[in-house]
Amino acid sequence: MAIEQPATRPANPRFSSGPCAKIPTFSLELLSDAALGRSHRAAVGKAKLKDAIEGTREVLGIPADYKIGIVPASDTGAVEMALWSLLGARKAEMVAWESFGSGWVTDVVKQLKIDAEVKTAEYGQIVDLSTIDFNNDVVFTWNGTTSGVRVPNGDFIPADREGLTICDATSAAFAMDLPWDKLDVTTFSWQKVLGGEAAHGILILSPRAVERLESYTPAWPLPKIFRLTKGGKLIEGIFTGATINTPSMLAVEDYLVALDWARSVGGLQGLMGRANANAQVVWDFCDAKPWIANLAEDDATRSNTSVCLKFTDDRIQDGAAFAKAVAKRLEAENIALDIGAYRDAPAGLRIWCGGTVETSDIEAMLPWLEWAFEAEIAAQ
């Protein structure tokens with residue numbers, strides 16, 4: 001017996017967790033002012049890069065004495081620059097509860113071979129934050145993009161810490177309230193919450209992080225692309241728009257447009273409100289259905305951007321195959337694209353709920369998710 005399809009379809013089926021949906025008003029015409037074919041070191045290029053830096057400061061509310069740099073290789077590049085340039089002065093504390101955090105553990109322990117305390121938790125859970133020793137340098141993700149688990153707030157970080165806090169905030173920035181006084185190094189990429197084009201990262205340094213850079217030299221050689229100091233002093237140009245290597249001025253323009261849109265919806269508070277509304281629709285759906293649940297076990301730690309879901313129906317025989325089949329049905333109908341769980345994560349789905357997604361599209365997609373579930377159960 002055929003299962004009836006819902007009548008309403010999402011206007012935009014893009015729910016990928018990266019690169020994420022473009023801003024709702026996006027069109028290529030908005031990029032017509034891009035400095036194409038011009039040197040990024042010419043006045044026009046420098047001005048746009050500086051606008052991107054200061055726009056980031058304005059929208060996110062970053063303190064005036066924090067340094068903001070545009071760096072290569074997306075969030076990964078920004079995190080690696082921090083790890084290679086700052087760690088080694090004291091013991092490290094590596095905190096991970098999903099794949100990207102686990103990747104930073106591997107880099108620090110196996111590649112840099114730094115003395116480190118490693119604390120991990122399974123997907124859906126979070127480590128006991130009260131056990132972290134902030135006399136050490138602490139590396140953690142604010143939001144686990146592949147697990148849908150985030151830290152609830154910054155209260156676990158003491159103001160009088162001895163070590164640095166190095167925070168991968170790539171799916172948290174522009175959607176969650178980041179306490180800058182608790183974060184010494186913060187990284188993210190444009191391609192997450194603002195739906196920018198990939199390949200560029202943002203590196204944000206507190207005065208404490210700058211002091212470490214200028215007073216400590218790692219024991220290992222640093223590639224040019226990681227070097228943040230010269231002659232024992234911070235390379236200030238990196239944090240005013242003189243990038244280490246050639247950036248895409250088209251991607252820069254796209255980010256500037258996204259920042260303008262962010263201002264138009266109420267800045268950070270507006271973006272957070274949009275993400276919260278989107279995620280709440282999914283959470284309410286899960287509460288009403290006995291066959292699906294949030295992967296995050298504690299409501300206080302569930303993400304409002306990368307919402308990860310698991311199927312809980314006893315009739316499902318092969319969880320991984322079932323989840324892939326549901327995602328495939330939704331993609332074939334152009335209802336939801338790229339919502340399968342991350343390859344290292346438990347079987348399930350991952351729905352991006354960041355501010356560039358319209359709540360009406362989430363609301364239109366979820367009845368189709370139920371349709372795909374029922375259709376796949378019937379096909380077993």
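This is a predicted model: local features need pLDDT of at least 70, side-chain atom pairs count only at pLDDT 80 or more; totals for chains, interfaces and linings use all residues.
Residues are numbered from 1 along each chain as its sequence is written, and side-chain values use heavy atoms, with hydrogens and water left out.

Let me start with Asp 184, which is found in the loop between strand E7 (165–168) and strand E8 (185–189); helices (H or I, at least four residues) and strands (E, at least two) are DSSP runs, numbered from the N terminus. Is Asp 184 buried or exposed? Asp 184 is buried, with a relative accessible area of 1%, where buried means under 20% relative accessible area, exposed over 50% and partly exposed in between, using a 1.4 Å probe and protein chains only. The side chain of Asp 184 makes a polar contact of 3.1 Å with the side chain of Arg 161, and a polar contact of 2.8 Å joins it to the side chain of Arg 208.

Now to the aromatic rings, of which the structure holds 14 pairs; rings of Phe, Tyr and Trp (its six-membered ring) pair if their centres lie within 6.5 Å, and planes under 30 degrees apart count as stacked, over 60 as edge-to-face and the rest as tilted. One of these pairs is Trp 291 with Phe 373, which is stacked at 4.0 Å centre to centre with 5° between the planes. Trp 291 lies in the loop between helix H6 (267–288) and strand E12 (292–294) and Phe 373 in helix H8 (residues 359–379), so the pair ties together parts that are 82 residues apart in sequence. Phe 373 also forms a stacked pair with Phe 311, at 6.1 Å centre to centre and 10° between the planes, and both Phe 311 and Phe 373 are buried.

Finally, the sheet: 7 strands form an open sheet in the order E1-E9-E8-E7-E4-E2-E3, with mixed pairing, and two strands pair if DSSP finds at least two bridges between them. Strand E1 (67–72) and strand E3 (116–120) stand at the edges, each with a single partner strand, so one side of each is left without a neighbour in the sheet.

Conventions: A polar contact is a pair of N or O atoms within 3.5 Å; within protein, one must be able to donate a hydrogen and the other to accept it, and residues adjacent in sequence count only if both atoms are side-chain atoms.
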